[in-house]
Amino acid sequence: QVRLVESGGGSVQAGGSLRLSCTISGSISGRYCMAWFRQVSGKEREGIALIPSHGQSTSYAGSVKGRFTISYDNAKNTLSLDLSELKPEDTAMYYCATDRGGWLPYACSWKTADYAFWGQGIQVTVSS
C-alpha cells in the first residue's frame, strides 16, 4: 500500500516562501509520476507541478511557473514543493499524488483521475 503524508503548510504574507514536503511510503513498480495539486473550496482540483520518478524533467502550470519548484529526493522518498513569491491567490489546500506507474516510458498527466495515491492535503494561506 502506498501512503503519502504531507507537511510544511501554514500561513505566510504575500511575497513570502514556504516548502511543502510529502513523504512517500510503500512501493510503486517501474516508472511513475508524482505531482502537486491544489484546490480552492468550491473549485476543481488543479495540477500545478509534475515530476517523473525517472529523469529530471519537470512541468508547471502557468500560474506557478517561475515561482514554484518541484523536486524529489529518492534517498529520502520525499517529494517537495518550494513556493516563493506567494500571492493571495495561491491560498488553497495542497495535495501530493502519485500514479500507479508502469514499465514503459510515458508522459506524466495533469488529470486528477490518473493519480491513484493521494496525501491528506495541507493548507497554505497567503495574506495580503
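Which pattern does the chain follow, read along the sequence?

1. The chain follows the pattern β-β-β-β-β-β-β-β-β-β-β, which comes to zero helices and eleven strands. Helices (H or I, at least four residues) and strands (E, at least two) are DSSP runs, numbered from the N terminus.

2. This is a predicted model, in which local features need pLDDT of at least 70 and side-chain atom pairs count only at pLDDT 80 or more, while totals for chains, interfaces and linings use all residues. Residues are numbered from 1 along each chain as its sequence is written, and side-chain values use heavy atoms, without hydrogens and water.

3. Buried residues (under 20% relative accessible area, 1.4 Å probe, protein chains only) make up 43% of the 128 residues in the chain.

4. For 128 residues, a compact globule would have a radius of gyration near 14 Å, and the chain agrees, with 14 Å. This radius is taken over C-alpha atoms, and the globule rule is 2.2 Å times the number of residues to the power 0.38. The C-alpha trace spans about 45 × 30 × 25 Å along its principal axes.

5. Of the contacts (heavy atoms within 4.5 Å) between residues at least 6 apart in sequence, 61% join residues at least 24 apart.

How values were computed. Buried means under 20% relative accessible area, exposed over 50%, partly exposed in between (1.4 Å probe, protein chains only).
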